[in-house]
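Please keep the sequence and the structure at hand while reading.

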Amino acid sequence: MRERSFFQSGVFGPPQHRRLGIFLAVAFCVPVIAPRCPALGQSASTESERIQYDDTTHTFRMDGAGVSYVFGVNQNGELQSLYWGKRLRPADPMPPARADGGTSAFDLPVNATPQEFAGWGGGLVVVPNLKITFPDGNRDLVLHYVSHTIQNNTLTITLKDISRDVAVDLTYKMDEETDILARSARIENRTQLPFTIEDVFAATWNLGPSNDYQLRYLTGRWAGEWNLQQTALHPGKVVLESRRGSTGDEVNPWFAIERSSQPDQDVGDVWFGALGWSGSWQINVETDWQNRVRITGGNTPFDFSYVLAPGQSLETPRFYGGYSNTGIGGASRLLHRFELDSIVPGAPHRRLRPVLYNSWEATGFDVNEAGQEALAEKAASIGVERFVMDDGWFGERKDDHAGLGDWYVNPQKFPQGLKPLIDKVHSLGMDFGLWVEPEMVNPNSDLYRKHPDWVLNFADRPRTEGRHQLVLNLARDDVRAYVYGFLDKLLSENDISFLKWDYNRNWSEPGWPAAPVEKQKEVYVKYVHNLYSILADLREKHQHVEIESCSGGGARVDLGILRLTDEAWPSDNTDPFDRLGIQDGFTYAYAPGVMMAWVTDSPSGMNGRSTSLVYRFLSSMQGGLGIGANLNKWTTEDFAAAKRLVGEYKAVRTTVQDGALYRLISPVGESEYSVTESVARDGHQAAIFAFLHSSQKGQPYPQLYLRGLDPNAVYSLHAHEGKLADGAVQRASGDYWMHHGVSISLRGDFQAAFFTLEREEAQ
Ligand code: DGJ
């Protein structure tokens, strides 16, 4: 570990002497602690090469294979961003940080300077990272650099207020494979009295001036999640936020900023980021008059406060940020790789998603032993690997009016408990999964009758129900113990391999009357911490159990919950055409390898749209394949087709789930077409799914120019579903497929094709 302190080394004295330090700086970074990075193009760099500190210029530089991130300590002691983008050459100059003087009395240096982490004080008007009220009424907080350490590939910088013992540890860790930086902050009260944190954001990302920035973000609603939005950035502020108590589907805590007025899928500079937090959150995108951009994210300040007693600390969520110079497509491929290799449980050796069957759309709440066993037999016959019984198996659950909270097996539906069904599922060669919604309670339940005080509420105020249910206050220790206890018991007493963890409403009346008044707003943090700790403890004790994050569809998908869950449910909308757009949007932020997709009945319950079984399968084969149809209504031909398609899926599943996704044609706007290509990590295979909404005026299907192939390798083309155009070539080089392209023949309404390229090994 190396530790440096300006105060210790005497470079910075008391604030009034600090300006001296800058005159000692030299114009070019000369390493004094660690050797320089290897030349551009070398990918393997050691820890000491990846994080450098130059103590003549007081500059920190983090280098990955493709990215450099540079910041320094300026003459005022502030941490100032200097560069974030494509990897710089080792010898490239990086002038030391120098606070921007501003242009007038209305433009103070503290705002004009792009800071990494700013306290609210000294005239700050941009979004502060930290705002504190002290017990004496002082609200001025000015954070300056004190020291740093470099350990385990992690840079930790300690800041401190200029007079009060408020310490902030900032952590920076760059992922070795994708260069994605994880940043967070830990606030510690080293004073003698408690103080109140009013705003705390994990980090600020700064981008240099440009007139061409385009912001992308994802918006949605129930059954209509994951819509990609694009807006040009102009001076002002864009606020992306959830005040719902959880991640929410109105906006997802992800952003991407492209520097181009005409962004392209695979070309151009893109900066992107995502929060690892499953509670209320906020990301502010501020553009100043010089067209510089600050992106500040973390807990939303709305209705927030957190009291820190002397000696206590608060850790923020992680705010991840990355850079791609291969367009937004490259940005999402980096994020996918990062999620699968560094975030999800078991990473980088996570298990592939099995083909599952889920009972929800077939049986609704009307589950019982005989009915589920009959479905299980049919599911097994087409190659399903996991059978999941959804809602309805517990308490007095006949519909959504009752039962949540009472997690005993319903004795009328399952007179001998779950064991006979689970045994049956196992005997058919599948593992067994179960739906739960642990954080909720129906007022019509024994749990609520016994513990009406366990829900979020304000004393003597109405309790607003959503889907006839209330939210348990997981911040309470007794509620946490109850929820962990029943789940542990369920998993200990039954051979369950998978939980579908649902969460079907947002918060209302987020009160915590049993806590001291000044601590009640801590519910926003403590709830999420307890949720995470329950998931972590369950996973620790029941290591074979996998978990899906579901929230009435995709309302709780983020990099915090994905650390503890293996997959996510993007939407309750399973219409296979709508799904193309939903899945396209989802993959801007999250990997196909965590995205579950079910084949359900036709006509679709959502739109009344009729589609073929092949179309429905191919739409769902772009992620983790599931089947949610009522198999009791299937014909012999349906079973035969499904068995063939499940087999085809299994042959490309690794490529689809773990490979690199290229959006050849995005199903956005009025597009009649939608085409994705997934290329296996080792390049041996590409899987292409093509969809047509409806033929117009005899127009042929567009030529498909593939991407991500080895130009010199030879690949053979195999059409599995749908037809190639007459006379189409079936064996050619990567260059041919990428530049001449593939001609396929799709005509009619809701048509789909699936083909693969297999690389031939060189002799
Ligand atoms: C909402 C989920 O998204 C559905 O898949 C289903 O599990 C229902 N809840 C059950 O109530």
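Is the crossing of H13 and H14 left-handed or right-handed? The crossing of these two helices is right-handed. This, like everything below, describes a predicted model.

**Helix pairs**

Helix H13 covers residues 613-620 and helix H14 covers residues 636-658; their axes are 10 Å apart and meet at an angle of about 25°. H13 is therefore roughly parallel to H14, since angles under 35 degrees count as such. On the H13 side the contact involves Leu 613, Val 614, Phe 617 and Leu 618, and on the H14 side Asp 638, Ala 641, Ala 642, Arg 644, Leu 645 and Val 646.

H13 is largely enclosed by the rest of the structure, because seven of its eight residues are buried. The buried residues of H13 are Leu 613, Tyr 615, Arg 616, Phe 617, Leu 618, Ser 619 and Ser 620.

A second pair is formed by helix H10 (residues 477-493) and H11, again with an angle of about 25° and axes 10 Å apart. H10 is thus roughly parallel to H11. The crossing of H10 and H11 is right-handed. From H10 the contact uses Asp 477, Arg 480, Val 483, Tyr 484, Leu 487, Asp 488, Leu 491 and Ser 492, and from H11 it uses Asn 530, Ser 533, Ile 534, Asp 537, Leu 538 and Lys 541.

In soluble globular proteins, nonpolar side chains tend to be buried together. Here the largest nonpolar core has 178 residues, and the members that touch the most others are Ile 197, Trp 393, Phe 617 and Ile 627. Helix H11 (residues 523-541) is the element that gives the most to this core, with 10 residues. The core lies between domain 1 (2-343) and domain 2 (664-759), because both give residues to it. Another core lies apart from it, with 28 residues that include Val 675, Val 679, Leu 706 and Trp 737.

Which residues does Trp 393 touch, not counting those up to four places away in sequence? They are Val 367, Trp 407, Tyr 408, Val 409, Asn 410, Phe 414, Leu 434, Trp 435, Val 436 and Leu 490. Phe 617, named above among the core members that touch the most others, is also one of the H13 residues that meet H14.

**Two residues and their surroundings**

Lys 526 lies in helix H11. With a relative accessibility of 26%, Lys 526 counts as partly exposed. Leaving aside neighbours within four places in sequence, Lys 526 is in contact with Tyr 306, Ala 475, Trp 512 and Lys 519. Lys 526 and Arg 476 are 50 residues apart in sequence, and their C-alpha atoms are 8.2 Å apart in space.

Leu 356 is part of strand S22. Is Leu 356 buried or exposed? Leu 356 has a relative accessible area of 2% and is buried. Beyond its neighbours within four places in sequence, Leu 356 is in contact with Val 384, Arg 386, Val 388, Phe 498, Glu 567, Met 596, Trp 598, Leu 625, Gly 626 and Ile 627. Leu 356 and Val 307 are 49 residues apart in sequence, with their C-alpha atoms 45 Å apart in space. Ile 627, a contact of Leu 356, is one of the core members that touch the most others.

**Backbone details in loops**

| Site | Angle |
|---|---|
| Ala 347 to Pro 348, cis peptide bond | omega about 5° |
| Ser 602 to Pro 603, cis peptide bond | omega near -5° |
| His 468, positive phi | phi near 60° |
| Glu 509, positive phi | phi about 40° |

Pro 348 is in the loop between helix H5 (327-343) and strand S22 (356-358). Pro 603 lies in the loop between strand S30 (596-599) and H13.

The two residues with positive phi are not glycines, as stated for His 468 and for Glu 509. His 468 belongs to the loop between helix H9 (446-450) and strand S26 (470-471), and at 30% relative accessibility His 468 counts as partly exposed. Glu 509 sits in the loop between strand S27 (498-501) and H11. Glu 509 counts as buried because its relative accessibility is 18%, and buried means under 20%.

Note on methods. Residues are numbered from 1 along each chain as its sequence is written. This is a predicted model: local features need pLDDT of at least 70, side-chain atom pairs count only at pLDDT 80 or more; totals for chains, interfaces and linings use all residues. Side-chain values use heavy atoms; hydrogens and water are left out. A nonpolar core is a set of buried Ala, Val, Leu, Ile, Met, Phe, Trp, Tyr and Cys residues joined through side-chain atoms within 4.5 Å. Buried means under 20% relative accessible area, exposed over 50%, partly exposed in between (1.4 Å probe, protein chains only). Helices (H or I, at least four residues) and strands (E, at least two) are DSSP runs, numbered from the N terminus. Domain bounds come from an automatic or database domain assignment. Contact means heavy atoms within 4.5 Å. Axes are lines fitted to C-alpha atoms, for helices over the stretch in contact, and angles run from 0 to 180 degrees between N-to-C directions. Angles under 35 degrees count as roughly parallel, over 145 as roughly antiparallel, 65 to 115 as roughly perpendicular and the rest as oblique. A crossing is left-handed if the near helix is turned anticlockwise from the far one by less than a right angle, and right-handed if clockwise.
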